[in-house]
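Open the model in your viewer and keep the selection tool ready. We will go stop by stop.

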Amino acid sequence: MGISFAIIAGLTVAAAVAAMSLRNLIHCSLALVVAFAGLAAAYLQLDAQFVGFAQILVYIGAVSILVVFAILITRSGEDPNESVFSMSWMAGIAVVLAVLGVLVWAIMRSSVAQRELPPTPSATVQQIGSELMGRFVLPLEVIGLLLTAALIGAVIIAMRDRNTD
Amino acid sequence: MTPLAAYLLLSAFVFAIGLAGALTRRNAILVLIGIELMLNAANLNFIAFWRYGPNPEALTGVLFVIFSIGIAAAEAAVGLALIIAIYRHYKTANVDQVNTLKG
């Protein structure tokens, strides 16, 4: 805890704000990459190496590429005269401020948040692998099934409909 | 402020920013990005509580986040496919203009 956390947190929050507020969608997706990288750095700082590198591989490598592809396919060059925010943005901001207030209030009051740092646990890839093949083998199989179904479903949804063309 | 509270506050801010994007942006792709940010904030909470929890040897927090990342990848693929299908039908990705159920 210290200067490195301050840098990571500031970078992550600034990049997330940029990703949600910029006008150009390509700039938004690039800011999103920075926010994901900041979160991966936070995972690494919390001694969760495997999750940090999985975050880099999955989010920076795959999800942001998917987002860029979707932006290019939908050719979402936004109308420069039109606001990027929807008509009901004031209600949305009110909801967000209420949620943020409740979360900060709960964190500040919680006794759980007062815990001190325990000694570094060992979370090696070997341990994670044996847990995945042992206690968590059923969720692993379900995830595999889910990913297959999502892959097929995404292809079918995005496939060009012959009747309408 | 203790380290755990700092991580929880960072997670709360990322969640709030993602929620703001999902609720206020016009473009459907940005709405999906906001949802991804909210999922990431939840993952950060899992990792922080795993690290500061009483029994980190059980690795439950880490494994939950690994499964959550897998589900988020599937969600992103299906969500973007839906956005592309909607764009083909309505010729727009603006969620304010996609307001009919049958058409």
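Which helix of chain A does A:Ile71 lie in? Select A:Ile71: the answer is helix H3 of chain A. Helices here are DSSP runs (H or I, at least four residues), numbered from the N terminus.

Before moving on, note how to read this tour. This is a predicted model, in which local features need pLDDT of at least 70 and side-chain atom pairs count only at pLDDT 80 or more, while totals for chains, interfaces and linings use all residues. Residues are numbered from 1 along each chain as its sequence is written, chains are lettered from A and ligands numbered from 1 in the order in which they are written, and side-chain values use heavy atoms, with hydrogens and water left out.

**Stop 1: A:Ile71**

Stay on A:Ile71. A:Ile71 is buried, at a relative accessible area of 5%. Buried means under 20% relative accessible area, exposed over 50%, and partly exposed in between (1.4 Å probe, protein chains only).

**Stop 2: H3(A) against H2(B)**

Show H3(A) and H2(B). Their axes come within 11 Å and cross at roughly 175 degrees. Axes are lines fitted to C-alpha atoms, for helices over the stretch in contact, and angles run from 0 to 180 degrees between N-to-C directions. H3(A) and H2(B) are therefore roughly antiparallel. The cut-offs: under 35 degrees is roughly parallel, over 145 roughly antiparallel, 65 to 115 roughly perpendicular, and the rest oblique.

Residues making this contact include A:Gln55, A:Tyr59 and A:Ile71 of H3(A), and B:Asn40 and B:Ile47 of H2(B). Contact means heavy atoms within 4.5 Å. The contact residues divide into nine nonpolar, four polar and one charged. Here Ala, Val, Leu, Ile, Met, Phe, Trp, Tyr, Cys and Pro count as nonpolar, Asp, Glu, Lys and Arg as charged, and the others, Gly among them, as polar.

**Stop 3: B:Asn40**

Click B:Asn40 in helix H2 of chain B. Is B:Asn40 buried or exposed? B:Asn40 counts as buried, at 0% relative accessibility. Leaving aside neighbours within four places in sequence, B:Asn40 is in contact with A:Phe36, A:Leu39, A:Tyr43, A:Gln55 and A:Tyr59.

**Stop 4: H1(A) against H2(B)**

Look for A:Ala16, A:Ala19 and A:Met20 in H1(A), which meet B:Leu30, B:Ile33, B:Gly34 and B:Leu37 in H2(B). This contact has six nonpolar residues, one polar and no charged.

**Stop 5: the core**

Which residues have the most contacts inside the largest nonpolar core? Select A:Val51, B:Leu37, B:Ile47 and B:Val62. This core has 73 residues. A nonpolar core is a set of buried Ala, Val, Leu, Ile, Met, Phe, Trp, Tyr and Cys residues joined through side-chain atoms within 4.5 Å. Zoom to B:Val62. Beyond its neighbours within four places in sequence, B:Val62 is in contact with A:Val51, A:Ile128, B:Ile47 and B:Trp50.

**Stop 6: B:Phe49**

Move to B:Phe49, in helix H2 of chain B. B:Phe49 counts as partly exposed, at 36% relative accessibility. The C-alpha atoms of B:Phe49 and B:Leu4 are 7.7 Å apart, although 45 residues separate them along the chain.

**Last stop: a loop**

Finish at B:Leu59, in the loop between H2 and H3 of chain B. Its phi is near 65 degrees, a positive value in a residue other than glycine. B:Leu59 is buried, with a relative accessible area of 1%.

Conventions. Helices (H or I, at least four residues) and strands (E, at least two) are DSSP runs, numbered from the N terminus.
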